[in-house]
Amino acid sequence: MLQPGIAQEITFSVTQPLSAQAVGSGTLPVLATPVMIARMEQAAWQAVAPHLSPEESTVGIHMDVEHLSPTPVGMDVTCRAELTQVDGRRLVFQVTAWDAKGPVGKGTHARAVIQSGRFLDKAQKKMQDL
């Protein structure tokens, strides 16, 4: 059952391929904002996945995040997502990120619980309409 308080943390090393320089979100060798956001989303879906039926999954529907501090290549970052609200199929998470020197990012993230088969069918129908 999905209830507030479910949480997940993911720790990763900032490598050159995860830098703003490499992903195209900037010119510097620091953690790219899109990578930080992706890891926050990963923590969120992994937190709730064990509580869903095999036919269900979640998809991201909203992200409101501040990137507070740069993390250079070579440092580790931990991203945490904690479920704070369940409103039917809509899930809201508090997301945070930090490195050894302190906060790196914070915000909220919303996901929707979906039926995987129906969702994929809907996506494939877009190809038929081309």
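Guide: In this predicted model, the largest nonpolar core holds 27 residues. L2, F12, L31 and F93 have the most contacts inside it. Which elements give two or more residues to this core? They are β1 (7-13), α2 (33-48), β3 (76-87), β4 and β5 (102-115). The biggest share comes from α2, which gives 7 residues. In general, nonpolar side chains tend to be buried together in soluble globular proteins.

Take L2 from that list. Set aside its neighbours within four places in sequence. L2 is then in contact with V48, H51, L52, L83, V86, L91 and V113.

Now move to β4, the strand that spans residues 90-99. T96 lies in it. Is T96 buried or partly exposed? T96 counts as partly exposed, because its relative accessibility is 24% and buried means under 20%. Beyond four places in sequence, T96 touches M40, T78, C79, R80, G105 and K106. R111 is 15 residues from T96 in sequence. From C-alpha to C-alpha, T96 and R111 are 16 Å apart in space.

Finish with helix α3, residues 116-128. How many of its 13 residues are buried? The count is 0, so α3 is hardly covered, given that buried means under 20% relative accessible area. At 1.5 Å a residue, the 13 residues of α3 should span 18 Å. The end C-alpha atoms of α3 are 19 Å apart, which agrees.

Notes
Residues are numbered from 1 along each chain as its sequence is written. This is a predicted model: local features need pLDDT of at least 70, side-chain atom pairs count only at pLDDT 80 or more; totals for chains, interfaces and linings use all residues. Side-chain values use heavy atoms; hydrogens and water are left out. Helices (H or I, at least four residues) and strands (E, at least two) are DSSP runs, numbered from the N terminus. Buried means under 20% relative accessible area, exposed over 50%, partly exposed in between (1.4 Å probe, protein chains only). Contact means heavy atoms within 4.5 Å. The expected span of a helix is 1.5 Å times one less than its number of residues. A nonpolar core is a set of buried Ala, Val, Leu, Ile, Met, Phe, Trp, Tyr and Cys residues joined through side-chain atoms within 4.5 Å.
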